Structure formats: C-alpha cells, structure tokens
Amino acid sequence: MLEPILFTLFSIIAIVFAFNVIFRRNAVHCALHLVGVLLALSGMFVLLNAAFIAVIQILIYAGAIMVLFLFVVMLLNVKGDAALLTPGGWKGFGFFFALIIFVELLYVVLSQGGTEGTPAQTTALPPGFGSPAEIGRILYTTWLFPFEVTSILLLIAVIGAVVLAKRKFA
Amino acid sequence: MDLTFLIASAVKVLIVLGFVLLGVPLVVWMERKVIGHMQDRIGPQRVGPFGLLQTIADGIKLFFKEDIIPSGADRVVFIIAPALPVITAFLALAVVPFGDTVNVAGHAIPLQVTDVNIAILWILGTTSMGVYGIVLGGWASNSKYPLLGGLRSSAQMISYELAQGISLVSVIVVTGTLSLASIVQQQEHLWFIAYPTLFVSFVIYLLCGIAETNRAPFDLAEAETELVAGFHTEFSSMKFALYFLAEYANMMVVSGIAISVFFGGWRGPFLPPVVWFLIKLSLFLFFYVWLRATFPRLRYDQLMAFGWKVLLPASLLNLVITALWVGLTG
Amino acid sequence: MPGWTVPLEAYQLVAALLFTIGLIGVLVRRSALIIFMSIELMLNAVNLSFVTFSKQHGQMDGQIFVFFVMSVAAAEVAVGLAILVAIFRSRETANVDDVHLLKG
C-alpha cells in the first residue's frame, strides 16, 4: 500500500528535478537539482530492498561527488550558457536522437521478449538481501578481483587529480 | 504498521524535538557560564535566576531583528540553506538510543525513534549531507568572506568525515553489527572504551567530531577574528538562530553517537537509563565547552594537515590492528 | 488498496526516462560542467536499472555492479573536474564549443 505512493512520489521528484538539471541556466541550481535526483533515487533503492546501496548513494554520490561538483562550480564561477530551447546548431538533432533512443529503450523494457529465463517476481527474496553482510560476503569472494582493481583505479584517480590540479612551476 | 507503533513513534519524535529545542538554550547558558568561570568572570547573571533566561532573551531579540537578504543573493538558496544542517542533525538523532525498552500499557517500546539496522551508515550519510548547509550558505550570500569561509568550512568537514567513518568501522569489526541498539546491547559487561584499540578509535572519532561541528579549536572558518564569522556572516535574525541551533544539535549528535558506541549508551548501575544517558551527554557537552575555553584555534593549513596526515593514517592503522586482533582472538 | 505492488517494469521505465533526459543534456548543453552532470544522471539511471534487475532475479550481483559503477563514477568525476579546472585556467571558458583547437 505504501510502496506505490512512495514510488510515485520518488519518481516524480526524480524526473522533474532531472528536467531542471538540463534546463536551468545557473550551474549551481543544476547541481542542487541533481542532488535532489540522487536523493529520490536513494529512496527508490530502499524500495527495491537495496538498503546498503541506498545509504552508499547518499554517502558517496550526494555527500562527496556532488560536493566536489559544487566546489568546482563555485570556485570557477562559470557563467550560464544560452537557454536550452533557443534554436541553433545541432540542438534539434540532439533532441531527435534522444527521442529515438528513448523509443528503443521503451521497446526493450515493455516487450516480453527480453525477459525469458527470469523468474516471476513472486519468489521471495532471501532474508539478508541487500544488507551489508550479504554485500560484504559476495564482494570479498566472488568479486574480489574487480574490487582490488577498483581500489587501484581510485588510487590512480587521486594521483591524476593531484597532478592535473597542481600549478606548473615552469 | 499498527497504531501502537505510529503513536509511539510520533511521541518519540516529539520528545526528541522538544529535548533539542529546549536543551539547546540550556547548553548555551552552560557554555557561557562555564567559559566565564574559566576566564575568571561570572558570565550571565541578571536575566532570571543565575542568568538562566539569558538565552531565551537572546532568542527573543533575534526573533525581532530585521531579516536582511543581501541584494544579488540567491533568494531561494539563501532561505533554504540554514535549514539543511538542522534537518540533517535531527535525522541523525533519530537513530540514537536514549533509553532501554520501556513497558507502556503492555507494549514494549524501545526508546529510540527508529531502529535502523544500518544505523552507523545512516549517521555517516546524514553528516555528509550536513556539508550542504554550510557551502550553500556561504555561496548564497553573494559576498567574498562568506564564500571563502563556507568553502573552507566544508573542505574541513569532508576531510574529517573520512577518519570519522574509518574509526567507526573499527568498532563495527568488533561488534559485527551496524545497528546502534545492538551495539549498546553488546556493551552489557564491558564498555567498548575499555578495549585499547577502541580507545584510540574513540579519541580519533571525538577529534573528528569536533572538527565536523566546526567547534574550537577547529573553528577557524567561522571565528570572528578571522573571516568575519565565515559562512554565516550575512544571515541575520532567525536564519542565524537556525545555524546556531544546528551547531549545538550537531554537538548533541556527535556526543550521542560517541556515548552509544563507546560508553555503553544508557547503561549504568542504579539510576534509570534515560538519566544515565543525560548525565553522559552533559559530560560530553561540558568537554566540548572546556575545549573551547582552553585551546587556541588551529590555523587552516595546520587543521587540514592534521586531518589528512595524522588522523586518517592513524585510523587506518587502528583499523588494521583491530581487525588483526579480532581475527586472531575470535 | 493493500496488496498493490509496483511492477518492476515501472522502475525500468523511470530509469529509461532518466537516461534519456541525461542524454539530452549531454547532446544539447554547451557548458562542460552541465555535460558532466548529465553524464552523472545517465550513470544513476543505469544504477537504478541494475538494482531493479537485481531484485527481479533475486541475486545480489546487480547491487555489486552498482557499487563498482559508483566507485568508477567517483574516480571519473575527480579526474574530469581536474581536467576541467586545468582547461578553465588557461582558456577562461567552460564552453565546449570554444575548446575545439588542440593548442591553447
């Protein structure tokens, strides 16, 4: 009973804020609307039994990555570009292409052809589904190698960011 | 979701809200009196007995002040920004257990607004969202010093979040659970502060907590002698009161978490559990005030160096040692 | 009415819509920062799709993938913003139409 209400609420917030992200001229407003989208998505993750991922989304995405975005926007003081809906250049083609992609995605989602082999959703989920214990168990056994590679990737990103942002003393 | 649960939750929410809104004036009074006595003066003494109504008088004064919004400031963000730290502070307080399970009219009601089974992650998440109130407040003021103060403050907060999270992870390694209620349950015989590596965890967590709440000696970004009060320079009247409330509510959050995780929560010999929680909370808040009265503030580069070069490696090393100890002894 | 559950296709639909909105942002906006934010929007739409699939199949692998997508997104944002700051320092513009020549 509660789930359809919450789902409708979160999806309306996510879609309206997503439209605001691409239509606003002020970069800080765009970033704040993106934070709103991330929080709405986090709510949807909770509805989908992914409690750990939902909180990690708030912690990392909304709490760290978007703060980094806001820092860069505020420090660079980027001026807004021309409004989205003024005609010019290749904008019309961009809209048309996105519409084609959307129709394709709709077809994939709504057709029954892509769902062979998946069980009906009436099977109950195992009790610890989405909990940190389950994530930890799988992450350190089945997915250990990608985990280690990701940690090296993050190290490379840190080094790269520091090197790129240093002023060159020529 | 039955009716008992709804009514009990509503009452608990009102209790926590009321406690923070009534407790903060008391904490402010305590701070002014304690700092006054530590500086060999008396502090507020005229308004009400022992100056107890001083904070109320200040609140009434702030209420009647003119509410100024600078020209060129972003109106919507300027109005919303002070509310964000308060919202995140209350969200974090929702998972702190302030008492044992009580029996009211035959129903067992735990004294905790919600018992989330990922409570520690929730705390870390809401404290990271608290950065937005600072950075947006600084930016929305459309003024140089608030912007710099806001950026400095939020850079400080996100730097100390890391060491704070890792020091709490050492506790999770020992307890095996993220839920605050069960962490308090597990401290039945021995508080976690008694374990050596967890004592180090506590020290790191407390230092990071003080830096997170922008309190002395880490309060450079909002000190009057530095950046003209930093991110809350342009906020007057009730917006400033909200920032002020948020600072003390965040102090209560940090203290509440430290009490629940390291000091046995509401456990204690003779008195009822809620009273023990309040006693421990008061001791922590007194410690905060004592630090403010005693230490000079750290320079910004000293502050950031301390967070990144000292606390973060220390908490990582502590985590490794704790994990080794738990793994070897079981 | 009790017992109404949301069909998982609805979540996929929302994910598809968010992906398309992000795609419009990447193709049509000219400011590099907004393009970055639209890319993040697309990544989040994909995350939602992964989590929905994870629930549909009853396996946790979808959520593990979301974990990796988030880590990679964090790394990408850090490096990408550093590049953006470096470009902005030398050319004073964040408009992607103005940085079409290799030499500054």
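Two residues are in contact if their C-beta atoms, placed from the backbone, lie within 7 Å. The model shown in these views is predicted.

**View 1. The contact between chain B and chain A.** Chain B puts 15 residues into this contact, and chain A puts in 14 residues. On the side of chain B that touches chain A, three helices each supply at least two residues: α5 (119-129), α6 (131-140) and α7 (144-175). The most comes from α5(B), with six residues. By class, this side of chain B has 12 nonpolar and three polar residues, and no charged residues.

View 2. Ala62(A) belongs to helix α3 of chain A, which covers residues 51-76. A residue counts as buried if 20 or more other C-beta atoms lie within 10 Å of its own. Ala62(A) has 22 other C-beta atoms within 10 Å and is therefore buried. Leaving aside residues up to four places away in sequence, Ala62(A) touches Val35(A), Leu38(A), Leu39(A) and Gln57(A), and also Met129(B). Val16(A) is 46 residues from Ala62(A) in sequence, and the two are 18 Å apart in space, C-alpha to C-alpha.

**View 3. The contact between chain C and chain A.** Here 65 residues come from chain C and 68 residues from chain A. The helices α1 (8-28), α2 (32-57) and α3 (61-91) of chain C each supply at least two residues of the side of chain C that touches chain A. Of these, α3(C) gives the most, with 21 residues. Sorted by class, the side of chain C that touches chain A has 45 nonpolar, 15 polar and five charged residues.

**View 4. The packing of α1(C) and α2(C).** The axes of α1(C) and α2(C) are 8 Å apart, and the two helices pack at an angle of about 165°. Angles over 145 degrees count as roughly antiparallel. The helices α1(C) and α2(C) are therefore roughly antiparallel to each other. The crossing in which α1(C) passes α2(C) is left-handed. By class, 17 nonpolar, eight polar and one charged residues make up the contact of α1(C) with α2(C).

Key. Residues numbered from 1 in each chain as written. Chains lettered and ligands numbered in written order. Predicted model: local features only at pLDDT ≥ 70, side-chain atom pairs only at ≥ 80, totals over all residues. Helix = DSSP H or I, 4+ residues; strand = E, 2+ residues; numbered from the N terminus. Nonpolar A, V, L, I, M, F, W, Y, C, P; charged D, E, K, R; others polar. Axes fitted to C-alpha atoms, helices over the stretch in contact; angles between N-to-C directions. Parallel < 35°, antiparallel > 145°, perpendicular 65-115°, else oblique. Left-handed = near helix turned anticlockwise from the far one by under 90°. Buried ≥ 20, exposed ≤ 12 C-beta atoms within 10 Å, placed from the backbone.
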